Amino acid sequence: MNIGEASARTGVSQRMIRHYEKIGLIPAPARRDSGYRDYAHADIARLRFIANARDLGFAIEEIGELLALWGNDHRASAEVKALALAKAEELGRKARALSDMRESLLHLAESCAGDARPDCPIIARMAGEA
């Protein structure tokens with residue numbers, strides 16, 4: 001199938017498919033006589049795997065590791081679990097940081113009169129004055 005069909009079946013944009021090919025996450029597909037890429041079912045499965053891993057927050061390098069594990073019939077599931085737990089911990093740290101930022105913004109907004117006067121604790125905080 002061509003790149004448009006591969007994109008439609010996987011939800012991965014054509015631009016990202018080309019990028020994944022360029023960086024080696026997917027092998028270069030066969031080419032038709034016309035020069036167009038010709039994706040096989042294995043390529044579609046790999047693209048879906050990549051898309052699912054991206055949706056779970058994995059970075060490109062981590063996806064490369066996961067792909068290697070996926071293709072290894074002798075892998076230990078402990079390796080996959082360790083990667084998942086490390087990613088979950090990282091996401092937890094980021095979620096806590098985002099929550100802290102949200103709380104700070106809400107507190108600053110609560111402190112701001114929000115009227116026509118120019119004095120504003122939000123601006124003062126960003127300027128390092130508060």
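Predicted model: local features only at pLDDT ≥ 70, side-chain atom pairs only at ≥ 80, totals over all residues.
## Confidence

The protein chain has a mean pLDDT of 94. Of its residues, 99% reach 70 or more. Confidence is lowest in strand β1, residues 30–31, with a mean of 89. Helix α3, residues 41–55, is where confidence is highest, at 97.

## Helix α1 against α3

Helix α1 spans residues 3–10. Its axis and that of α3 come within 9 Å and cross at roughly 45°. The two helices are therefore oblique to each other. Their crossing is right-handed.

On the α1 side, the contact uses Ala6, Arg9 and Thr10. These meet His41, Ile44, Leu47, Arg48 and Ala51 in α3. By class, this contact has 4 nonpolar, 2 polar and 2 charged residues.

## Helix α3 against α4

Helix α4 covers residues 60–70. It packs with α3 at an angle of about 130°, and the axes are 10 Å apart. That angle makes α3 oblique to α4. The crossing of α3 past α4 is right-handed.

From α3 come Ala45, Arg46, Phe49, Ile50, Ala53 and Arg54. They meet Ile60, Ile63, Leu66, Leu67 and Trp70 in α4. The class count for this contact is 9 nonpolar, no polar and 2 charged residues.

## The aromatic pair

The structure holds 1 aromatic pair. Its members are Phe49 and Trp70, and the pair is stacked. The rings lie 4.5 Å centre to centre, with 15° between the planes. Stacked is the label because planes under 30 degrees apart count as such.

The pair links distant parts of the chain. Phe49 sits in helix α3 and Trp70 in helix α4, 21 residues apart. Both residues also belong to the α3 and α4 contact.

## Helix α4 against α5

Helix α5 runs over residues 77–111. The axes of α4 and α5 come within 10 Å and cross at roughly 160°. That makes α4 roughly antiparallel to α5. Here α4 passes α5 in a left-handed crossing.

Glu62, Glu65, Leu66 and Leu69 make the contact from α4. Their partners in α5 are Glu79, Val80, Leu83, Lys87 and Glu90. By class, the contact has 4 nonpolar, no polar and 5 charged residues. Leu66 takes part here, and Leu66 is also among the α4 residues that meet α3.

Methods. Residues numbered from 1 in each chain as written. Heavy atoms only, no water. pLDDT = per-residue confidence, 0-100. Helix = DSSP H or I, 4+ residues; strand = E, 2+ residues; numbered from the N terminus. Axes fitted to C-alpha atoms, helices over the stretch in contact; angles between N-to-C directions. Parallel < 35°, antiparallel > 145°, perpendicular 65-115°, else oblique. Left-handed = near helix turned anticlockwise from the far one by under 90°. Contact = heavy atoms within 4.5 Å. Nonpolar A, V, L, I, M, F, W, Y, C, P; charged D, E, K, R; others polar. Phe/Tyr/Trp six-rings, centres within 6.5 Å; stacked < 30°, edge-to-face > 60°.
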